[in-house]
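Please open the model in your viewer and keep the selection panel at hand. The stops below go from a sheet to a set of charged pairs.

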Amino acid sequence: MTKVLVLGLSKSGIAAAKFLNRHGYDVYLTESKNVEPDVELEKLGIKIETGGHSLKFVDGAEFAVTSPGIPPHSIIIELLRLKNIPVISELELAYRMSETPFVAITGTNGKTTTTALTAHIFDKKFNAKACGNIGQPPCDLADDKLDYYVCEMSSYQIAMSPTLAPFISVWTNFTPDHIDWHQGLENYFAAKAKIFKTPQAPKYSVLNACDEKLKTFEADGEIFYFGERKGGNSCYVKNNEFVYERAGVVEFVMPVSECPLVGEHNNQNVECAIICAKLAGIDNETIISAIKEFKAPAHRLEFVANVGETAFYNDSKATNPEAAIVAIKSFENKNVVLIAGGRDKNTSLKEFCDDVKRYISNVILIGEATERFEKNLVNCGFENIIKEDTLQSAIDKSIELKPDVVLLSPACASFDMFKSYEERGDVFKNYVLSKI
């Protein structure tokens with residue numbers, strides 16, 4: 001049997017190990033952390049080591065499948081390169097071993113909602129599933145004979161996918177993130193750009209016409225833009241309707257008012273999904289019906305409840321200032337209280353502070369980032385700042401202010417006070433619901 005090494009006892013690592021095992025490979029799974037081996041995997045005959053990577057596991061491997069959390073400059077990846085053992089992602093493995101086309105969706109922000117909505121529309125017409133960073137790893141679905149993978153792809157995964165060429169590649173936006181993993185901003189951009197350029201060029205490239213970096217990016221394949229009309233292939237809003245245009249032929253798809261998602265950024269997510277659906281041949285009636293019944297993924301500008309006259313929104317997934325800005329701009333002409341803060345990513349706060357000053361009535365700060373956020377906001381001329389020790393006390397204070405909207409959009413990671421952004425969002429939702 002051909003020996004294959006799988007790096008990481010993660011969700012994607014486990015999926016790759018099981019898939020390879022089903023297809024007759026001799027699978028060795030190595031995990032650097034001191035965790036308990038997976039008994040189910042061992043029963044399948046998969047060899048597992050934890051607490052480090054041994055030469056016994058590495059030597060003789062035909063190739064290795066890595067988990068996205070392992071950086072390309074890590075010791076184990078360098079060792080594999082020295083031994084000329086190819087290293088690929090779990091996505092690349094699924095691509096090589098199935099004939100299912102990928103609708104690949106990447107970007108710094110917005111990709112989860114876009115992926116979920118696109119998969120929801122596709123599944124009305126085809127056998128299609130959301131996968132990758134959302135839903136199941138593709139290897140869990142690779143034997144299901146899907147018509148499409150609708151796959152949220154991180155830059156980590158793309159960087160380790162040397163031949164994956166999607167049917168459609170979508171790039172939602174580009175802002176600085178994951179710089180340490182990629183060892184530089186240009187490396188981060190180049191990692192994402194791979195699936196838009198030859199030899200991995202898609203049949204169709206879908207780009208954000210409102211993003212300064214992307215509107216001048218020279219992608220391969222037939223190019224479509226969203227957010228604004230650009231060229232003859234676009235999806236955008238005109239006269240409060242979503243408009244789809246191909247080769248200069250215009251279709252009015254549906255009124256914006258009939259879409260359940262809130263904000264300009266969500267309009268862009270819908271535009272992406274419409275383009276993908278139209279390119280796959282899905283009719284307008286199916287697209288409209290699917291959009292109307294779609295619900296936003298949890299923690300992404302998610303409506304929670306009304307407490308009195310105040311609407312509460314959970315945007316805990318906004319773990320950087322750029323993501324929070326998108327949410328902040330979604331409630332123009334409303335009295336909005338913003339709850340922000342957490343573990344600081346130490347990126348620039350200038351645009352964040354400018355938009356807070358323009359759109360937000362009061363800011364309630366929590367967590368480790370409080371001091372830097374307060375200093376930057378004051379320097380920008382914004383002084384309606386309240387500091388609280390807990391998320392619960394921040395919610396209590398926001399209720400006292402009686403705004404139109406309370407928005408949790410932290411612009412920070414959650415790890416100073418919570419295990420994850422999901423836990424932070426769940427705490428927010430549960431406490432708000434207790435106040436009804």
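**The sheet**

Begin with the open sheet of nine strands, whose order is β7-β8-β6-β9-β10-β11-β12-β13-β14 and whose pairing is mixed; strands here are DSSP runs of E with at least two residues, helices are runs of H or I with at least four residues, and both are numbered from the N terminus, while two strands pair if DSSP finds at least two bridges between them. Select residues 128-132 and 249-255 next: these are β7 and β14, which stand at the edges with a single partner strand each, so that one side of each has no neighbour in the sheet. On average, and with direction ignored, neighbouring strands of this sheet are turned by 20° against each other. This is a predicted model, in which local features need pLDDT of at least 70 and side-chain atom pairs count only at pLDDT 80 or more, whereas totals for chains, interfaces and linings use all residues. Residues are numbered from 1 along each chain as its sequence is written, and side-chain values use heavy atoms, with hydrogens and water left out.

Then select residues 204-208 and 222-226, strands β10 and β11, which pair in the parallel sense over five bridges; within this pair, V206 stands opposite F224 of β11.

**The charged pairs**

Across the whole structure there are 23 salt bridges, each defined as a side-chain nitrogen of Lys or Arg within 4 Å of a carboxyl oxygen of Asp or Glu. Select E251 and K278, whose closest N and O atoms are 2.9 Å apart in a salt bridge; because E251 lies in strand β14 and K278 in helix α11, the pair ties together parts that are 27 residues apart in sequence. At 28% relative accessibility E251 counts as partly exposed, whereas K278, at 17%, counts as buried; buried means under 20% relative accessible area, exposed over 50%, and partly exposed in between (1.4 Å probe, protein chains only).

Move on to D355 and K329, whose side chains meet in a salt bridge at 3.9 Å, N to O. D355 lies in helix α14 and K329 in the loop between α13 and β17, so this pair ties together parts 26 residues apart in sequence.

Key: Axes fitted to C-alpha atoms, helices over the stretch in contact; angles between N-to-C directions.
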